Amino acid sequence: MTATVPPCAGPVPTELFAAFCDDAAVFPPGEMPLARAVPAHLRHVTAAHAPLVGPLVVPQARLTELAELTAGHAAGSLELAVTVPSPEAAGQTLASAAALPAARLRFVEVAVPDDVAAAELVRRLTTALADADAGTGVTVYVEVPRDERRAELIASLADSPFLAKFRTGGMRADLYPDERELARAVLLAVRAGLPFKATAGLHHAVRNTDPRTGFEQHGHLNLLAATGAALDGAGEEEIVAVLAERDGSTVAGLVGALSPRVRAAFRSFGTCSLAEPVGELAALGLLDPDLTKDLL
């Protein structure tokens, strides 16, 4: 590590982790049935750790099922993020949001098809949302492809109302970017002033090797610390080192020194188990243990 590591002096302000953990329980590897995920999410948002909990994330294809499951729930009782496969699908999701009276649509996360050029994405997405007569209050993330379109698309998004989403893992080893690839993505976003979220593979707070699969997994706290370093002007090598750090106390020290302003850049990450990040943050001394009392 090239960075100076301050000691972790105990729990940090809760605002550093406010709505940090999006509830992606229905996605792999957890794949919780939606009929269980909805009541589980509603328990999370009334539990002691509720300040850390973001929206329930569901794919567009399951909105009809979600409407059936939430019939009779109080209006707006469920904050929702919806993943969609194309810009046009984003417009369709917004147009159909009225069919989900119990849900409050907060986020739409848009995949970029292979045949969509970076220069076309923002235009197509803007048109799709305009055609849907989108209202205010919905934040749109665009999943930045891990190919030659990345830099151009990040630059385009920085001049738009849309934010970025980076994929940090998956069910195959090749879906995990290495430290240098992720460092470059973070630097591009931070230097462009483009906020982002992360999805997949961030199963633990600190970088690790999954004992079951052998996959090298990024830590969500490493990514938070790396974002803070980028905001402070760190270069690529330092960001790579922060992402590669495997010592929990070192990573906790870096995170403990962060200003909550880092969250304006790194908004949230998707997790299929809310208990894991909350429990690990407390174990590292970054979270008041009282916030873990409702964990199952």
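User: Which residues of α7 meet α8?

Analyst: From α7, Asn-222, Leu-223, Ala-225, Ala-226, Ala-229 and Ala-230 meet Ile-239, Val-242, Leu-243 and Ala-244 of α8. Contact here means heavy atoms within 4.5 Å. By class, this contact has nine nonpolar residues, one polar and no charged ones. This is a predicted model, where local features need pLDDT of at least 70, side-chain atom pairs count only at pLDDT 80 or more, and totals for chains, interfaces and linings use all residues. Residues are numbered from 1 along each chain as its sequence is written, and side-chain values use heavy atoms, leaving out hydrogens and water.

User: At what angle do the axes of α7 and α8 cross?

Analyst: Roughly 160°, and the axes come within 8 Å. That makes α7 roughly antiparallel to α8 (the term covers angles over 145 degrees).

User: New topic: why does Gln-217 count as buried?

Analyst: Because its relative accessibility is 2%. Gln-217 lies in strand β9 (residues 216-217).

User: What does its side chain join up with in a polar contact?

Analyst: The side chain of Asp-210, at 3.3 Å.

Technical notes: Helices (H or I, at least four residues) and strands (E, at least two) are DSSP runs, numbered from the N terminus. Buried means under 20% relative accessible area, exposed over 50%, partly exposed in between (1.4 Å probe, protein chains only). A polar contact is a pair of N or O atoms within 3.5 Å; within protein, one must be able to donate a hydrogen and the other to accept it, and residues adjacent in sequence count only if both atoms are side-chain atoms. Axes are lines fitted to C-alpha atoms, for helices over the stretch in contact, and angles run from 0 to 180 degrees between N-to-C directions. Angles under 35 degrees count as roughly parallel, over 145 as roughly antiparallel, 65 to 115 as roughly perpendicular and the rest as oblique. Ala, Val, Leu, Ile, Met, Phe, Trp, Tyr, Cys and Pro count as nonpolar, Asp, Glu, Lys and Arg as charged, and the others, Gly among them, as polar.
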